[in-house]
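Work through the exercises below with the sequence and the 3D view side by side. Try each task before reading its solution.

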Amino acid sequence: MQTPASMVMGIVFAPLGLVLLFTAAITPQWREGQTRLDLARPGSLLRTMTKSHGSVDSLLLVRSDGLWESCLQVEHAELKQCWPVAGPYQRDRRVRLAQGLVLTSLFLCGTGIVLACIGVRCWTDLPLRGVAATGGLLVVMAGLLSMTALVVYTHNLERLGMGDTQQEANNTRFPELSLHPAGSLYFGWLGSCLQVLGGGALVFSFKRPKCRTCPEFAACPACRRCSVIRNKPDSDMYEVSC
């Protein structure tokens with residue numbers, strides 16, 4: 001049996017979307033910001049690093065945040081430190097909402113892909129269209145959940161974890177960061193779109209193809225049991241690919 005194009009599209013796009021979303025979830029690059037730190041200023045956190053950098057007056061710091069990890073790196077240097085998210089950023093309800101939605105999306109997408117593989121059954125002649133469509137529906141729901149998480153995070157990107165803005169503004173030891181979307185966020189958007197497309201293609205595979213060569217059969221003979229067709233008297237046999 002030739003596997004329907006919609007099933008092939010769904011069984012390819014859904015795992016790609018899952019991999020991209022998982023990559024986005026574990027990487028700390030949902031938002032990124034750069035700032036220049038004056039080392040000559042009294043009270044600077046990195047003033048002691050001037051000894052190893054010679055006569056360096058300032059350093060360009062790159063701060064990146066993910067859902068579960070944050071990193072701080074000195075540009076053009078091998079100085080980088082990462083740590084689990086903590087403080088106001090971790091306690092932010094919007095960050096926790098995004099974390100929950102992404103985890104739920106990953107679980108639903110994985111379950112949907114398993115059901116889709118069982119339903120497609122490329123090793124047999126008769127696919128389980130209902131099972132494949134159910135898996136596609138779960139994948140679509142996963143894509144919508146991950147999109148919701150991305151919308152919430154992107155819309156509030158500069159305000160996440162900024163509950164104590166007045167206190168941080170008065171603290172001269174920490175320079176202000178200008179935050180913008182980073183690479184992991186784009187991976188997440190691409191993965192979510194692939195989930196919706198792949199799941200939608202599997203959902204459309206629920207409809208059985210009509211037989212155009214033998215009108216007396218309501219459905220394609222290849223989608224019915226051979227015994228039913230062979231037992232019909234005076235009926236012509238056709239080789240049909242569904």
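**Exercise 1. What share of the 242 residues in the chain is buried?**

Solution. Apply the cut-offs for relative accessible area, with a 1.4 Å probe and protein chains only: buried is under 20%, exposed is over 50%, and partly exposed is in between. Buried residues make up 38% of the 242 residues. The model is a predicted one, where local features need pLDDT of at least 70, side-chain atom pairs count only at pLDDT 80 or more, and totals for chains, interfaces and linings use all residues. Residues are numbered from 1 along each chain as its sequence is written, and side-chain values use heavy atoms, with hydrogens and water left out.

**Exercise 2. How many helices and strands are in the chain, and in which order do the elements run?**

Solution. Start with the rule: helices (H or I, at least four residues) and strands (E, at least two) are DSSP runs, numbered from the N terminus. The chain has 7 helices and 5 strands. From the N terminus on, the order is α-β-β-β-β-α-α-α-α-β-α-α.

Next, turn to contacts, meaning heavy atoms within 4.5 Å. Take those between residues at least 6 apart in sequence: 68% of them join residues at least 24 apart.

**Exercise 3. How do the axes of α1 and α3 cross, and which residues make the contact?**

Solution. Step one is the geometry. Axes are lines fitted to C-alpha atoms, for helices over the stretch in contact, and angles run from 0 to 180 degrees between N-to-C directions. The axes of α1 (residues 5–26) and α3 (residues 93–120) come within 10 Å and cross at roughly 155°.

Step two is the direction. Angles under 35 degrees count as roughly parallel, over 145 as roughly antiparallel, 65 to 115 as roughly perpendicular, and the rest as oblique. The two helices α1 and α3 are therefore roughly antiparallel.

Step three is the hand. A crossing is left-handed if the near helix is turned anticlockwise from the far one by less than a right angle, and right-handed if clockwise. The crossing of α1 and α3 is left-handed.

Step four is the contact. From α1 come M7, I11, A14, P15, L18, L21, F22 and A25; from α3 come V102, S105, L106, C109, G110, I113, A116, C117 and V120. By class, the contact of α1 with α3 has 15 nonpolar residues, 2 polar and no charged. Here Ala, Val, Leu, Ile, Met, Phe, Trp, Tyr, Cys and Pro count as nonpolar, Asp, Glu, Lys and Arg as charged, and the others, Gly among them, as polar.

**Exercise 4. At what angle do α3 and α4 cross, and at what angle do α4 and α6 pack?**

Solution. Take α3 and α4 first. Their axes come within 7 Å and cross at roughly 160°. That makes α3 roughly antiparallel to α4. The crossing of α3 and α4 is left-handed. Their contact holds 20 nonpolar, 10 polar and 1 charged residues.

Now take α4 (residues 129–155) and α6 (residues 183–204). They pack at about 155°, with axes 7 Å apart. So α4 is roughly antiparallel to α6. The crossing of α4 and α6 is left-handed. The contact of α4 with α6 divides into 17 nonpolar, 9 polar and no charged residues.

**Exercise 5. Is T23 buried or partly exposed, and what lies 2.8 Å from its side chain?**

Solution. Find T23 in α1. T23 is partly exposed, because its relative accessible area is 29%. The backbone oxygen of V19 lies 2.8 Å from a polar atom of the T23 side chain. Now look along the sequence: T23 and F187 are 164 residues apart, yet 7.4 Å apart in space, C-alpha to C-alpha.

Methods:
A polar contact is a pair of N or O atoms within 3.5 Å; within protein, one must be able to donate a hydrogen and the other to accept it, and residues adjacent in sequence count only if both atoms are side-chain atoms.
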